[in-house]
Amino acid sequence: MVEGAFEVEESFRFQGRTFEEYLELFDLDVGALSGSVLDCPGGPSSFTAVARSIGLKTYAVDPQYGRPISDMATDCEAAIADTEAQLRAKRDQFVWDYYGSVETRCRYLRAAGQRFLADYAQYPERYVVAALPDLPFVDDAVDSVLSAHLCFLYDDRLGLDFHQAALDELVRVASEEVRVFPLASLDMTRSEFVAPVAESLRERGHTVDFRNISYEFMPDVTELLVVSV
Ligand SMILES: C[S@@+](CC[C@H](N)C(=O)[O-])C[C@H]1O[C@@H](n2cnc3c(N)ncnc32)[C@H](O)[C@@H]1O
C-alpha cells in the first residue's frame, strides 16, 4: 500500500522511538516528569525502560507484546530495515534537522528496540498485551498517557469511531493528561478526525489544547494534542 511518502503493510509497524525522542514528540521536560505514565501504543520503544530507570512508574501497552522475544526482535529489525530502505528512497520528503541522516534515524530505532527487548526480558510485567479501544486498566489508573504513531497517523484503516473510542479510553485511564502525536496521517496532512475527536472531548468536559513542538520530521507536522482530563 502506498500512502503519501510512506509505504506501509496492512499490519502496523513494530518499531519504536527512544526515550529522548519521546521527550521531543511530547514536549516533555525530563526534570518535570513524575508519577505514573502509560505509553500506548508502546511498540518496541525504550520510553518505559528508561523512564523506569529514573524512577517513573511506567507501563506500555501493545497488541504485539506477549510473543517470544526472538519474534519481536525479528519483526522490529524487519520494520527498521523497511523504514531504512524507504527513507533512503524518499530522503527529500523529510526534515533532517533532528536526525541529520538516515543512518542516525535508524541507529535510534535500533537503540530503542534493543533497550526495549532487554527490559522486556527482565520485566515483562511492565508490558501489557492489549489493544485500543479496550485497555485493562481501571479508571484514573495512571497520571498521564502518551500515545504516539497510531491514532490519526493510520486514519486510512482506523475509522472515526475507533478514534473517538480510543481517545475516550485513553482519557478514562488517565487522571491528569493525555498527549497524542502526530496529528497527521500517512499523507503528512492533518487527519480529518482531529477536529471531530477534539470536539467530542470538549463536549465531555475535557480541556483540549494544541501545541506546536520544535521536533519536525514530517514537514510541518509539529502539532501535539494535549487533553487535560
Ligand atoms: C509505529 S508503532 C509506535 C510505537 C511508539 N509509540 C513510537 O512512537 O515509537 C505503532 C504500534 O501500534 C501498535 N498498535 C496497533 N494497533 C493498536 C491498537 N488498537 N491499540 C494499541 N496499539 C496498537 C502496533 O502493534 C505498533 O507496535
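Predicted model: local features only at pLDDT ≥ 70, side-chain atom pairs only at ≥ 80, totals over all residues.
Asn-212 stands opposite Glu-223 in strand 9. Strand 8, residues 207–212, and strand 9 run antiparallel and are joined by 6 bridges. Strand 9 also has a partner in strand 7. Strand 7 covers residues 174–181 and strand 9 covers residues 223–228, and the two pair in the antiparallel sense over 4 bridges. Within that pairing, Arg-179 has Val-226 of strand 9 as its bridge partner. As a general point, side chains in a regular strand alternate between the two faces of the sheet.

The protein contains 6 helices and 9 strands. Its radius of gyration is 16 Å, close to the 17 Å that the globule rule gives for 229 residues, so the protein is as compact as a globular protein of that length. The C-alpha trace spans about 45 × 40 × 35 Å along its principal axes. Of the 229 residues, 37% count as buried. Contacts can also be sorted by separation along the sequence: among those between residues at least 6 apart, 74% join residues at least 24 apart.

Next comes the interior. In soluble globular proteins, nonpolar side chains tend to be buried together. Here the largest nonpolar core has 53 residues, and Leu-38, Val-145 and Leu-170 are those with the most contacts inside it. Which residues does Leu-38 contact, leaving aside its neighbours within four places in sequence? They are Tyr-59, Val-61, Val-142, Val-145 and Val-173.

Another leucine, Leu-23, lies in helix 1, which covers residues 19–25. Is Leu-23 buried or partly exposed? Leu-23 has 16 C-beta neighbours inside 10 Å. A residue needs 20 or more to be buried and 12 or fewer to be exposed, so Leu-23, with 16, counts as partly exposed. Leaving aside neighbours within four places in sequence, Leu-23 is in contact with Leu-28 and Val-30. Phe-47 is 24 residues from Leu-23 along the chain, and their C-alpha atoms are separated by 9.1 Å.

The last stop is the ligand. How many residues surround the ligand? There are 18, and the closest are Arg-17, Pro-41, Gly-43, Leu-132 and Ala-148. By class, the shell around the ligand is made up of 9 nonpolar, 6 polar and 3 charged residues.

Terms used: Residues numbered from 1 in each chain as written. Near = placed C-beta within 6 Å. Nonpolar A, V, L, I, M, F, W, Y, C, P; charged D, E, K, R; others polar. Pairing = 2+ DSSP bridges. Rg over C-alpha atoms; globule rule 2.2 N^0.38 Å. Contact = placed C-beta atoms within 7 Å. Core = buried A, V, L, I, M, F, W, Y, C linked by C-beta atoms within 7 Å.
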